[in-house]
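These are my notebook entries on a structure that I am reading for the first time. I record what I looked up, one topic at a time.

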Amino acid sequence: MSAAVAASSGAPAAADVEKGAAAADANVDGGGAPAAAASGEGVVGAVVRRWRRQDLLEKSGSALRVAAWAFSLLAFVVMGANDHGDWRQFEHYEEYRYVVAIGVLAFIYTTLQLVRHGVRLTGGQDLQGKVAVLVDFAGDQVTAYLLMSAVSAAIPITNRMREGADNVFTDSSAASISMAFFAFLCLALSALVSGFKLAKQTYI
């Protein structure tokens, strides 16, 4: 009689244990799926953010080079047209000839960079990976340095001329120097963007 009672009480207990185990398994399975989904969404979000950041950097670098292209064009055109007879001719001064030469060089460099950007937009072949970013970084830095050296060379002689006679020749010289300085600023900022891209470059 006692054995029968023990057997009857043990059966519900065993059933409860099995139900508890099944519920635990269901909880584990149910909780794992949302965790995996959340992990997947986090990876996708990180990739999307990286693409957006790269796109923003690409657009920023191109915009700065467009501005540098325009300023360098103005720098050498204004100085090249600065010819008013007698001593008021830019070719008589080495510093002004240097401004023209570096302005032309910066114009050619930015033109080539914009052509590269156009090729990339149309799906054409460009330099690969880190090499392209390294070329951008080095080219921006060297051209910016040359522009600043031209500005630094032309400012002293222009200031001396304006002390004695402030006329259209000195005004045009100052305008050309200002355009060269703005081109320098644009390429210096572009070099910062290129340096950031180079530091963040990955092979993924």
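**Entry 1: the record.** Before using the UniProt annotations, I note that their positions follow the numbering used here, and that they may be inferred rather than shown by experiment. I also note that the model is predicted. I then looked up "transmembrane region" in the unreviewed UniProt entry, which lists residues 63-81, 96-119, 131-157 and 177-199.

**Entry 2: the overall fold.** I counted the secondary structure elements and found 4 helices and 0 strands in the protein chain. Along the sequence, I read the pattern as α-α-α-α. I next asked what share of the 204 residues is buried. Buried residues account for 30% of them.

**Entry 3: two of the listed spans.** I checked residues 96-119 and found the span to be 100% helix and 0% strand, with its end C-alpha atoms 35 Å apart. I did likewise for residues 131-157, where the end C-alpha atoms lie 40 Å apart and the span is again 100% helix and 0% strand.

**Entry 4: a nonpolar patch.** On the surface I located a nonpolar patch formed by Val104, Ile108 and Leu112, which together have about 250 Å² of accessible area. I placed Ile108 in helix α2, residues 94-121.

Entry 5: Side chains of opposite charge can pair when their charged atoms come close. I searched the whole structure for such pairs and recorded 4 salt bridges. One of them joins Asp140 and Arg65, with the closest N and O atoms 2.9 Å apart. I noted that this pair links distant parts of the chain: Arg65 belongs to helix α1 (residues 2-80) and Asp140 to helix α3 (residues 129-164), 75 residues apart. I then checked both partners for burial, for which the cut-off is under 20% relative accessible area. Asp140 is at 0% relative accessibility and therefore counts as buried. Arg65 is at 7%, so it counts as buried too.

I turned next to Arg116 and Asp136, whose side chains meet in a salt bridge at 2.7 Å, N to O. Because Arg116 lies in helix α2 and Asp136 in helix α3, the pair ties together parts that are 20 residues apart in sequence. I found both Arg116 and Asp136 to be buried.

**Entry 6: a salt-bridge network.** I recorded a salt bridge between the side chains of Arg162 and Asp166, at 3.4 Å, N to O. Arg162 and Asp166 also belong to a network of salt bridges with Asp171. I list Arg162 as partly exposed, since its relative accessible area is 33%. Asp166, at 52%, is exposed.

Entry 7: Rolling a probe the size of a water molecule over the atoms shows where empty space is left. My search of the whole structure gave 2 cavities of 30 Å³ or more. I examined the second largest cavity, which holds about 40 Å³ of space. Its lining consists of Ser62, Arg65, Gln113, Leu114, Arg116, His117, Arg120 and Asp136. Which helix gives the most to this lining? I found that α2 does, with 5 residues, while α1 and α2 each supply at least two. I note that Arg65, from the salt bridge with Asp140, is one of the lining residues. The paired residues Arg116 and Asp136 are also among them.

Terms used: Residues numbered from 1 in each chain as written. Predicted model: local features only at pLDDT ≥ 70, side-chain atom pairs only at ≥ 80, totals over all residues. Heavy atoms only, no water. Patch = residues over 30% accessible without salt bridge, like charges linked within 9 Å, V, L, I, M, F, W, Y side chains within 5 Å. Areas by Shrake-Rupley, 256 points an atom, 1.4 Å probe, with all protein chains shown as cover. Buried < 20%, exposed > 50% of the residue type's maximum accessible area, 1.4 Å probe, protein only. 1 Å grid on protein atoms, 1.4 Å probe; cavity = no way out; pocket = protein on both sides within 12 Å on 5 of 7 lines; lining within 4 Å. Points joined across faces, edges and corners; volume = space filled by probe spheres on them.
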